[in-house]
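Q: I'd like to learn how to read a few features off a model like this one. Could you walk me through it?

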Amino acid sequence: MRKLALDIHSSGGRSLTKEQILEKFSRYLPEVNIEDERAEDVLDEIVQRNVLIKEVSIGVYEFLHLSFQEYFAALELRERKDYEVLLEHLYDPWWEEVILLIAGFDRDSTELIRRIQKEEKTNKRFREDIFYSNLMLMGKCIADADYTDARLREEIVERLWFLYQTAEFSSLRENAIGILGLVKPKKLISSLIEELSSGDSFVRLKAVHALGMMGSERAL
């Protein structure tokens with residue numbers, strides 16, 4: 001299922017014909033000690049009993065939901081420890097959920113974020129764009145993983161906070177604060193809570209707005 005999902009996802013689509021799936025199964029099955037002649041039996045069992053794959057039209061199949069495809073594709077990449085595929089698709093929305101799932105599987109996003117940062121510095125293709133795609137993705141990786149190196153986490157939080165404060169376009173500010181709301185940085189939230197008692201009404205207003213956008217339970 002992992003291999004099939006990655007193959008389909010890499011094609012940029014969701015559907016395969018029965019012949020295509022059987023051809024792929026014939027290659028995969030010997031790896032798990034199943035005769036390749038049983039490819040059709042395996043497909044029938046998955047469709048009829050496990051319901052992970054469905055027939056969407058005559059002779060055409062796809063995963064029950066895109067989330068299953070993304071999940072199994074991420075599992076396969078994690079099994080291979082293949083960061084190169086992820087880096088190839090760094091800016092592709094089609095791959096974003098797969099990247100975030102891997103960060104969550106590993107429970108530690110440090111290595112993945114450092115790989116992204118390395119590519120950002122050494123490869124022109126991965127330089128930060130006007131949408132701050134790299135920064136947004138790294139912030140989401142932190143939110144999805146249980147752990148990230150403390151310095152690395154702090155650096156990305158500070159960059160997101162700076163973007164929220166200085167970005168010219170409201171969409172960028174909203175994206176930055178939305179990701180901070182997922183990360184819930186304790187130091188930043190504590191600082192904003194302190195600002196709620198500032199004698200400057202403008203400072204208080206900005207703090208209230210930021211905490212509200214982050215959905216801070218502590219602030220409530």
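A: Ala150 has 54% relative accessibility, so Ala150 counts as exposed. Ala150 sits in helix α9 (residues 150-166); helices here are DSSP runs of H or I with at least four residues, strands are E runs of at least two, and both are numbered from the N terminus. Bear in mind that this is a predicted model, where local features need pLDDT of at least 70 and side-chain atom pairs count only at pLDDT 80 or more, while totals for chains, interfaces and linings use all residues. Residues are numbered from 1 along each chain as its sequence is written, and side-chain values use heavy atoms, leaving out hydrogens and water.

Q: How do α1 and α4 cross?

A: Axes are lines fitted to C-alpha atoms, for helices over the stretch in contact, and angles run from 0 to 180 degrees between N-to-C directions. Angles under 35 degrees count as roughly parallel, over 145 as roughly antiparallel, 65 to 115 as roughly perpendicular and the rest as oblique. Helix α1 (residues 2-10) and α4 have axes that come within 7 Å and cross at roughly 110°, so the two are roughly perpendicular to each other.

Q: Is Glu76 buried or exposed?

A: Glu76 is buried, with a relative accessible area of 2%. Leaving aside residues up to four places away in sequence, Glu76 touches Arg2, Lys3 and Leu6.

Q: How many salt bridges are there?

A: A salt bridge is a side-chain nitrogen of Lys or Arg within 4 Å of a carboxyl oxygen of Asp or Glu, and by that rule the count is 14. Take Lys3 and Glu31, whose closest N and O atoms are 3.4 Å apart. That pair links distant parts of the chain, 28 residues apart: Lys3 is in helix α1, Glu31 in the loop between α2 (18-28) and α3 (39-50). Lys3 is partly exposed at 23%, whereas Glu31 is exposed at 53%.

Methods. Buried < 20%, exposed > 50% of the residue type's maximum accessible area, 1.4 Å probe, protein only. Contact = heavy atoms within 4.5 Å.
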